[in-house]
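Below is a short report on selected helices, their packing and a few individual residues. The sequence and the model come before the text.

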Amino acid sequence: MPVSRRALVAAAVCLVLPLSACGSGSDDGSSTDASGKVEGDITFQTWNLRANFKDYFEGVIADFEKEYPGTEVKWIDQPAEGYADKISADAAGGTLPDVVNVSPDLVAPLAKAGLALDLDKAAAKYRKEYLEGAWASHRIPGMTGTYAFPWYLNTGPLFYNKALFKDAGLDPDQPPKTYDELFTDALELADKTDGKIATLANVPTVEDFGRYGVELMNKEGTAFAFNDAKGVELLTRYKELYDAKALDPQALTATPESSGKKFLTGAVAMNPGSALDLGNFKKQAPNLYKNIGITDQITSTGHVNMYVMGVMVNAQSKKKPAAVAFAHYVTDAAHQMSFAKQVAIFPSTAGSLDDPYFTKEDGTDETRVRIAAAKSLKNAVNYTPVLFSEQMKTALRNEVAKALQGKESPKEALDNAVKACDTLLQQQG
């Protein structure tokens with residue numbers, strides 16, 4: 001039941017903040033000293049945000065420049081496509097911006113290359129302002145330090161179609177709460193509808209293995225471990241669903257968008273999502289909205305999955321005091337809270353999730369989802385390993401597909417996936 005990072009981006013439009021070549025110089029990259037006067041020109045680069053949030057970011061920049069006379073923030077907005085490639089090219093060319101919005105997997109190679117500033121050393125005084133789990137999300141296995149300020153978080157519930165549950169003889173007010181219940185209900189629904197209605201539309205991803213309680217990596221961060229007995233058990237159960245058509249036949253090639261459409265049209269009974277989806281249901285599928293059920297993410301660990309974005313400071317920036325100050329400014333409690341009220345995301349700052357906006361019911365489903373998500377985020381976990389790259393995700397997905405199709409056993413598939421991912425990990429250096 002994955003909610004991909006793409007889904008987070010769709011819900012929250014993720015943001016990037018690099019600084020131009022003038023901010024990336026030949027300064028000693030090993031220095032973590034960010035003390036000194038906050039001054040100078042820096043460039044703030046976002047990722048496809050100008051269209052929707054122009055006024056917000058222009059306001060943040062103007063307020064920062066007013067608070068720190070002698071600074072100037074140049075804002076550049078980049079298109080959404082190819083952002084990871086752009087970071088790699090900037091890093092290789094010595095033009096990495098001063099401040100960069102990153103996800104944990106994007107910051108990992110930069111930290112290993114000495115390009116991400118260790119905030120445990122350079123900005124330790126700010127650490128207490130953030131949720132502990134959020135601050136820890138940009139740590140790299142095998143390294144000491146924290147390499148980005150946590151920014152916004154996201155998570156979401158599991159939606160289900162009450163009408164489909166009822167038609168199959170399942171209690172529409174008692175959705176599955178455990179994996180055992182989920183798989184039992186899914187097989188029952190497929191049986192009662194002669195395989196016409198699947199319960200799930202996505203194959204398991206690495207975060208699903210994490211939620212199931214599988215150990216994903218060794219503690220040293222040198223090898224993956226999701227081919228253990230528990231991992232094989234989860235994939236075996238998904239194979240049962242696939243054979244019974246309780247997992248959508250097109251799940252092998254599904255995207256979050258295609259899975260969402262399947263749920264909208266009543267082809268699948270359950271799908272993960274966020275508060276933003278409720279508005280879409282109301283407009284595009286009023287019958288579904290009328291029968292929408294909302295339940296918690298299913299997890300064996302007691303911790304839901306969260307997605308986190310961060311703001312990294314270039315360790316080679318010539319303007320470290322200004323870069324650190326601006327990265328902190330964008331991610332402080334006041335600015336995270338104001339941003340969260342413009343788009344369905346959640347602040348990573350300590351105490352912010354206790355704000356009435358995230359705790360006070362008003363009778364609407366949108367608020368109910370927001371409150372439930374905020375509550376779950378207080379002890380949520382980012383299950384996707386920091387070192388798990390896009391190539392690794394593809395390798396796992398390909399092997400999962402082979403297992404579901406019966407071309408390999410679940411054990412063989414996961415052994416092969418771990419082997420491929422370990423090879424890619426070694427290539428990362």
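The model is predicted.

**Helix α8**

Helix α8 covers residues 179-192, 14 residues in total. From its first C-alpha to its last, α8 reaches 20 Å. That is close to the 20 Å expected at 1.5 Å a residue.

Which residues of α8 are buried? They are Tyr179, Leu182, Phe183, Asp185, Ala186, Leu189 and Ala190. Viewed down the axis of α8, these buried residues fall within an arc of 165°, so they line one face of the helix. Thr184 and Asp191 lie on the other side of α8 and are exposed.

The axes of α8 and α10 are 10 Å apart, and the helices pack at an angle of about 15°. An angle under 35 degrees counts as roughly parallel, so α8 is roughly parallel to α10. The crossing of α8 past α10 is left-handed. On the α8 side, Tyr179, Asp180, Phe183, Ala186 and Leu187 take part. They meet Leu234, Arg237, Tyr238, Glu240 and Leu241 in α10. Tyr179, Phe183 and Ala186 are among the buried residues of α8.

**Other helix pairs**

| Helix pair | Axis separation | Angle |
|---|---|---|
| α8 and α10 | 10 Å | about 15° |
| α17 and α18 | within 8 Å | roughly 165° |
| α14 and α15 | within 5 Å | roughly 45° |

Helix α17 spans residues 390-404 and helix α18 spans residues 410-428. Their axes cross at roughly 165°. That makes α17 roughly antiparallel to α18. The contact uses Gln391, Met392, Ala395, Leu396, Glu399 and Ala403 of α17. From α18 come Pro410, Ala413, Leu414, Asn416, Ala417, Ala420, Cys421, Leu424, Leu425 and Gln428. The crossing of α17 past α18 is right-handed.

Helix α14 holds residues 320-331, and helix α15 holds residues 333-340. Their axes cross at roughly 45°. The two helices are therefore oblique to each other. Tyr329, Val330 and Thr331 of α14 make the contact with Ala333, His335 and Gln336 of α15.

**Helix α4**

Helix α4 runs over residues 104-112. Of its 9 residues, 7 are buried, so α4 is largely enclosed by the rest of the structure. The buried residues are Pro104, Asp105, Leu106, Val107, Ala108, Leu110 and Ala111. Gly114 follows α4 and has a positive phi, near 80°.

Most residues other than glycine have a negative phi. Two residues here depart from that pattern.

Asp194 has a positive phi, near 55°. Is Asp194 buried or exposed? Its relative accessibility is 63%, so Asp194 counts as exposed.

Lys245 is not a glycine either, yet its phi is positive, about 60°. Lys245 sits in the loop between α10 and α11 (256-264). With a relative accessible area of 45%, Lys245 is partly exposed.

Where is Gly273? It is in the loop between β6 and α12 (275-284). Gly273 has 8% relative accessibility and so counts as buried, the cut-off being under 20%. Gly273 and Glu81 are 192 residues apart in sequence. In space, their C-alpha atoms are 23 Å apart.

Tyr289 belongs to helix α13, residues 286-290. Leu278 is 11 residues away along the chain, and the C-alpha atoms of Tyr289 and Leu278 are separated by 7.3 Å. Which residues does Tyr289 touch, not counting residues up to four places away in sequence? They are Leu278, Phe281, Lys282, Asp365 and Glu366.

Definitions and conventions. Residues are numbered from 1 along each chain as its sequence is written. This is a predicted model: local features need pLDDT of at least 70, side-chain atom pairs count only at pLDDT 80 or more; totals for chains, interfaces and linings use all residues. Side-chain values use heavy atoms; hydrogens and water are left out. Helices (H or I, at least four residues) and strands (E, at least two) are DSSP runs, numbered from the N terminus. The expected span of a helix is 1.5 Å times one less than its number of residues. Buried means under 20% relative accessible area, exposed over 50%, partly exposed in between (1.4 Å probe, protein chains only). The arc is that of the directions from the helix axis to the C-beta atoms. Axes are lines fitted to C-alpha atoms, for helices over the stretch in contact, and angles run from 0 to 180 degrees between N-to-C directions. Angles under 35 degrees count as roughly parallel, over 145 as roughly antiparallel, 65 to 115 as roughly perpendicular and the rest as oblique. A crossing is left-handed if the near helix is turned anticlockwise from the far one by less than a right angle, and right-handed if clockwise. Contact means heavy atoms within 4.5 Å.
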